[in-house]
Amino acid sequence: MAKRIGNVRSIALERINTLFSEASSEFKNHPERSHRYVKIVLRLVAKAGVRIPRKFRSNYCRKCKIYLSSGVNSKVRTRNGKLIVFCSKCKNYRRMLLKPRV
Ligand SMILES: [Zn+2]
């Protein structure tokens, strides 16, 4: 049973990776597809009990669940060692630590 759960997680992580890379390549021409991919990712995350990898955390809006591309529909700034991601759709911003505390 434990093995099965591990498999589900690794498959989910793999799909998250693919979906985010698809989302970034589709964003220019089909932004609505990217937003759909983010929704799929969020569903996957809830189902499989995995966390979205760190590198993708600034690529979506937690509030309105859309794909965020820095410079296009989001602003990414750093302040005091924190990354600030601003969603231009819902005007929501999130702060996250740039470096994990050692
Ligand atoms: Zn938003």
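Author: Helices (H or I, at least four residues) and strands (E, at least two) are runs assigned by DSSP and numbered from the N terminus. The model is predicted, so local features are reported only at pLDDT of at least 70 and side-chain atom pairs only at pLDDT 80 or more, whereas totals for chains, interfaces and linings use all residues. Residues are numbered from 1 along each chain as its sequence is written, and side-chain values use heavy atoms, with hydrogens and water left out.

The confidence of the prediction comes before the details. The score pLDDT expresses the predictor's confidence in each residue on a scale from 0 to 100. The protein averages 88, and 91% of the residues score at least 70. Where pLDDT is low, the predicted coordinates should not be read in detail.

Donors are N, O and S atoms within 2.8 Å of the metal (3.2 Å for Na, K and Ca), and since water is not among the atoms, sites may look incomplete. The protein donors of the zinc ion are the SG atoms of Cys61, Cys64, Cys87 and Cys90, which lie 2.1 to 2.3 Å from the ion. In sequence these donor residues are spaced C-x2-C-x22-C-x2-C. Cysteine 64 belongs to the loop between H2 and strand S1 (74-79), and cysteine 90 to the loop between strand S2 (82-87) and S3, so the pair ties together parts that are 26 residues apart in sequence.

Four donors count as tetrahedral if all angles lie between 85 and 135 degrees. The four donor atoms here subtend angles of 106 to 114 degrees around the zinc ion, and the arrangement is therefore tetrahedral. For comparison, the ideal angle for four tetrahedral donors is 109.5 degrees.

Exposure is the next matter. A residue is buried under 20% relative accessible area, exposed over 50% and partly exposed in between, using a 1.4 Å probe and protein chains only. Cysteine 90 is partly exposed because its relative accessible area is 23%. Lysine 91, in the loop between S2 and S3, counts as exposed at 57%. In the loop between H2 and S1, lysine 65 is partly exposed at 37%. The phi angles of lysine 65 and lysine 91 are each near 55 degrees, a positive value in a residue other than glycine.

The loop between H2 and S1 also holds serine 58, which is buried at 18%. A contact means heavy atoms within 4.5 Å. Leaving aside residues up to four places away in sequence, serine 58 touches Leu68, Leu83, Val85 and Met96. Serine 70, in the loop between H2 and S1 as well, is exposed at 53%.

A nonpolar core is a set of buried Ala, Val, Leu, Ile, Met, Phe, Trp, Tyr and Cys residues joined through side-chain atoms within 4.5 Å. The largest such core has 17 residues, and Phe20, Val41 and Tyr67 are among those with the most contacts inside it. Helix H1 (2-26) and H2 are the elements that give two or more residues to this core, and H2 gives the most, with six. Apart from it lies another core, of eight residues, and among them are Ile66, Leu68, Met96 and Cys87; Cys87 is also one of the zinc donors.

Tyrosine 67 touches Phe20, Ala23 and Val38, among other residues, when those up to four places away in sequence are not counted. Finally, the protein as a whole has 102 residues, of which 36% are buried. Of the contacts with a separation of 6 or more, 44% join residues 24 or more positions apart.

Note on methods: Four donors count as tetrahedral if all angles lie between 85 and 135 degrees; four count as square planar and six as octahedral if opposite donors are over 155 degrees apart and all others between 65 and 115; anything else is irregular.
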